[in-house]
Amino acid sequence: MSHATSFRLLLRWQNAGKFQKDPCRKRLAHVPALCGQTDRLLLKERRQSHSAASSRESEDTQPPVSAYIHLPFCKRRCYYCDFPVSIVGSKPQQPGIQQGVQEYIKTLCTEIEATVKLPGPPLQTIFFGGGTPTLVPPNLLQQVLSVLRDKYGIAKDAEISMESDPGTFDANRLQEYMSLGVNRFSMGVQCFQQNLLELCGRSHSLDDVYQAIRDIHQARVPNWSLDLISGLPQLTSKDWQQSLQSAVDANPSHISVYDLQVEAKTPFARWYEPGSHPLPTDEATADMYRAASSLLQQAGYEHYEISNYAKPGYRSQHNLGYWQNDPFYAFGVGAASYLCKRRFSRPRTMKGYQQWVADFAKASHEKALGLVPGMDSMEAESTDEQLLDYVMLRLRLADGIPLSELQQRHGHTATQTTVETLLSGDLFRYRYACETMIKGQRHVRLTDPEGFLMSNDCISTLFAELSTADADQAHSAQATASHGLHN
């Protein structure tokens, strides 16, 4: 498999976003397709073959201290978008539109109030994703924050992030949000070419982009991120270099670079075939990734995650929680939470979500239910699944896998297999993986950019080796037990 093909299979974090946003993939900011088709087949096969041996559950080692809030409103749906959004048109301030926004906020607050708080400290991070959250008036956002504060508490130094699009705010509106506690904004620019913005169906113009940048600086936003998308139709190497340089010139504290994913049932899926004109070739897209890694690091940004760059001290704390596989709350249409080793996705349609919340609130009041309806009957992730999630997510980070933590969480065999797989054979020989020391601790990681480009192959190989090691260990244990019975 070529660098480029492997890259396009795995580099899908559009949600996490964002990882928590399984149904609301946006950057996994918040969950995106974190692994390629090969990884998913390996994971499915592993789950089936080891389901009996891997039924053990473990309690969360730490309480959830993050919450994702989905605010689904957009002026229009971009041609590549398959997120659960609600279109409000070019005049979102109209009374009928505002009534719908108010009703959604009321439903959202009802869900938050009905959800049980797990023991633990107040929220350390909150992420308002969408959609375009800056279409929600500050007074309505205040309602959501008030309910979160009353229910879960919000730490004084909490990172409170808000997604935004150019043309949906000015300096005064940003200051209003900041007066409520929002201290980080993430702006979806995507590119700095007017023709490409139009080809993508974006609601903003290039003039809107530059005005938004001026407004951010005028409002003295302390921490903000700018998003770009590579692999767009008709995007050239020259265009991409221009977009990267324009992003650096805007001086954000954080830059996210995502590769276009052609999602089923979107206009792009009807019009384009991945890797075929007018989309850039796979190799051209891989070169764009290399260019971004080089230019942004030269400009002083850390390449701390496959798709993310930050000035020192400005890594996204909320998204780091996803990549460290920490538990988190999630609220809103289509949002996916991860609590008590269980992932739960809410309905993706507004009607379905509203009915679900109404039933949830009624049942919670009458029966004192747990976190979400039916969650008690959901099977928690097995220790095998937790291991695969852990190594897959950690290898997205430039810091990689801390071996002492891997040993503590998953034992000697998993640690030894990980080291032998990544630091020997083809992965090491072709310099896709390496060893590094961070704060006196030994880590294994993928190299930048070639290891990140080949991350699908690297993770698939590691999955296969972990499965083999686990099967060998189970066979050895069974043989030992059998021998004991005969003696």
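The model is predicted, so local features are reported only at pLDDT of at least 70 and side-chain atom pairs only at pLDDT 80 or more, while totals for chains, interfaces and linings use all residues. Residues are numbered from 1 along each chain as its sequence is written, and side-chain values use heavy atoms, without hydrogens or water.

The structure holds 21 aromatic pairs. Rings of Phe, Tyr and Trp (its six-membered ring) pair if their centres lie within 6.5 Å; planes under 30 degrees apart are stacked, over 60 edge-to-face, and the rest tilted. Tyr79 and Trp271 form an edge-to-face pair, with 5.1 Å between centres and 70° between planes. This pair links distant parts of the chain, 192 residues apart: Tyr79 is in the loop between β2 (73–74) and β3 (86–87), and Trp271 in helix α9 (residues 267–271). Helices (H or I, at least four residues) and strands (E, at least two) are DSSP runs, numbered from the N terminus.

Tyr79 has a relative accessible area of 22% and Trp271 one of 45%. Both are partly exposed, a class between buried (under 20%) and exposed (over 50%), for a 1.4 Å probe and protein chains only.

The rings of Phe328 and Tyr338 are tilted because their planes meet at 55°, with centres 6.3 Å apart. Phe328 is buried at 2%, and Tyr338 is buried at 1%. The charged end of Arg343 sits over the ring of Tyr338, 3.7 Å from its centre; the criterion is NZ of Lys or CZ of Arg within 6 Å of the ring centre and within 35 degrees of the ring normal.
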